[in-house]
2 protein chains.
Amino acid sequence: MGAIRTGHSEVEASALATGASARAAIRAGRWTAHTSGLAPGHVQGNVVVLRAQDADDFLRFCQRNPKPCPLLAVSEPGEPLLPELGDDVDIRCDVPRYRVWRKGELVAEPTDIRELWQPDFVTFVIGCSFSFEQALLEAGIPLRHILAGRNVAMYRTNIPTRPAGAFHGPMVVSMRPMRAAHAIRAIQVTSRLPNVHGAPVHIGDPAEIGIADLARPDFGDPVDILPGEIPVYWACGVTPQAVVMEARPDLCITHAPGSMLITDLLNHQLANN
Amino acid sequence: MGAIRTGHSEVEASALATGASARAAIRAGRWTAHTSGLAPGHVQGNVVVLRAQDADDFLRFCQRNPKPCPLLAVSEPGEPLLPELGDDVDIRCDVPRYRVWRKGELVAEPTDIRELWQPDFVTFVIGCSFSFEQALLEAGIPLRHILAGRNVAMYRTNIPTRPAGAFHGPMVVSMRPMRAAHAIRAIQVTSRLPNVHGAPVHIGDPAEIGIADLARPDFGDPVDILPGEIPVYWACGVTPQAVVMEARPDLCITHAPGSMLITDLLNHQLANN
């Protein structure tokens with residue numbers, strides 16, 4: 001078993017094979033990089049931490065917009081542990097790298113938020129496309145951005161979210177091009193996974209959902225669309241982040257892009273049937 | 001409750017509300033027309049009757065091609081009753097109008113085949129799109145050919161079927177145009193109904209499956225495709241009929257187009273989950 005190297009870390013891959021062992025390496029400061037590929041088969045989540053006065057509105061926002069904001073867990077106020085997601089999951093130290101935002105401005109990127117913790121902090125963990133991408137790959141559907149080692153292409157759309165309090169804004173989608181037969185299968189596969197964005201929100205013409213140019217994504221990397229392929233669009237976990245940044249709460253803490261919370265849940269446990 | 005009128009029949013609608021009552025009217029010769037809209041909610045089936053020497057090959061053909069040929073029932077040789085489909089379902093007299101084919105040529109269109117019955121006849125009843133169209137309508141997906149009172153548009157494709165004995169040929173598909181969000185929902189809804197053709201076989205570009213011009217269907221009526229709509233293609237029960245005609249067996253009996261066998265099964269019983 002070889003070592004996985006990054007700019008920050010060198011850890012034996014076997015030490016990252018489960019949710020608990022990956023979190024232990026992260027908590028000890030031995031892993032501060034992206035989590036893609038870690039703890040294979042385990043659910044990873046997007047993280048948003050808010051003060052209580054903002055958390056109530058944000059919870060209603062997620063409830064009203066389950067496709068971009070599928071909630072895997074919401075903590076008790078002030079409680080750093082997330083027992084629904086695994087044993088001893090501590091949101092203060094189990095994410096490799098955080099982003100701290102004050103009034104919508106990025107002010108720090110720490111690897112630990114114990115010193116920032118407040119007794120009214122509420123943590124939201126939101127399902128992530130890593131889970132459904134595993135399901136698509138297992139269904140024999142190739143994903144070009146993964147083959148190319150790129151981030152998925154993401155776009156702001158004209159699809160409105162349903163607002164709650166200060167939180168509002170358009171849906172962000174991720175797009176994966178695929179042949180028609182794979183698109184049909186991908187709809188079937190992801191329909192079973194509502195906790196990680198579920199079925200696509202659109203297929204085909206990008207202009208229908210307000211995307212001017214697929215070659216110029218708003219987030220992530222562009223990807224080629226070959227003849228005979230159909231663009232397939234899923235609601236994206238960047239939506240809640242964009243909505244929170246736009247609302248400019250006094251304080252918000254998120255994961256850094258790609259540095260997710262690794263849980264003890266298995267992707268296979270998420271399937272509806 | 002009003003009477004339903006056709007060129008041939010006038011029957012109180014209440015007398016056609018269930019599978020059993022509709023079959024009784026048909027068996028008594030009081031209904032010899034199309035069955036669309038009769039016995040609402042009940043499964044209707046395509047019918048193919050073959051001699052034993054051809055039936056073995058055709059059964060293998062259906063087994064190998066379940067999307068165009070989803071078998072609802074296969075009779076015992078020589079047995080005119082189909083107990084899997086309901087009480088006292090007699091294939092010799094319970095279809096409003098039959099077609100008799102000799103070596104692939106249409107030779108008669110009787111309303112009863114008791115005099116033609118042979119001790120080695122095997123009946124195949126194949127699922128029909130009426131069932132999944134009801135599910136689509138119940139899911140709030142409008143179907144233009146139904147709103148226009150037309151037959152669905154059907155096309156020969158370049159999608160091969162898997163041959164068995166003398167039976168071979170391309171898949172025939174039906175096409176329904178719909179908006180992208182409805183197409184996604186239609187894939188979800190019909191995926192649950194594999195006994196009535198299941199999920200679409202294609203979406204989007206007709207050239208991908210060898211259709212030269214959507215405005216010129218090979219069977220049925222053309223239908224407008226509006227801006228923002230995607231053509232969605234399902235495997236069609238015309239496929240086995242086309243394959244049987246091409247194989248030119250000595251004798252074959254089918255239902256006349258639109259004059260299906262009405263069963264006691266409910267469409268809701270067909271759903272996988």
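Two residues are said to be in contact when their C-beta atoms, placed from the backbone, lie within 7 Å. The model is a predicted one.

**How the two chains are related**

**Where the chains meet**

- In the contact between the chains, 16 residues of chain A meet 16 residues of chain B.
- On the side of chain A that touches chain B, the elements giving two or more residues are helix H5 (180-191) and strand E10 (202-203) of chain A.
- H5(A) gives the most to this side, namely six residues.
- The residues of this side of chain A comprise eight nonpolar, six polar and two charged.

**The sheet of chain B**

- In chain B, four strands in the order E8-E9-E11-E10 form an open sheet with antiparallel pairing.
- Strand E8 (153-160) and strand E10 (202-203) of chain B are the edge strands, each pairing on one side only.
- Strand E9 (residues 170-179) and strand E11 (residues 229-235) of chain B run antiparallel and are joined by seven bridges.
- Met178(B) stands opposite Ile230(B), which belongs to E11(B).
- Helix H5 (residues 180-191) of chain B packs on the sheet and touches E9, E10 and E11 of chain B. The direction of this helix makes about 130° with that of E9(B).

**The nonpolar core**

- The largest nonpolar core has 148 residues. Among those with the most contacts inside it are Ile203(A) and Ile203(B).
- Residues up to four places away in sequence aside, Ile203(A) touches Ala183(A), Ile230(A), Val232(A) and Tyr233(A), and in chain B Ala180(B), Ala183(B), Ile184(B), Ile203(B) and Ile230(B).

**A loop residue**

- Asn151(A) lies between helix H4 (144-147) and strand E8 (153-160) of chain A, in the loop.
- Asn151(A) is partly exposed, because 19 other C-beta atoms lie within 10 Å, whereas a buried residue has 20 or more.
- Beyond its neighbours within four places in sequence, Asn151(A) is in contact with His145(A), Gly220(A) and Asp221(A).

Conventions: Residues numbered from 1 in each chain as written. Chains lettered and ligands numbered in written order. Predicted model: local features only at pLDDT ≥ 70, side-chain atom pairs only at ≥ 80, totals over all residues. Nonpolar A, V, L, I, M, F, W, Y, C, P; charged D, E, K, R; others polar. Pairing = 2+ DSSP bridges. Axes fitted to C-alpha atoms, helices over the stretch in contact; angles between N-to-C directions. Core = buried A, V, L, I, M, F, W, Y, C linked by C-beta atoms within 7 Å. Buried ≥ 20, exposed ≤ 12 C-beta atoms within 10 Å, placed from the backbone.
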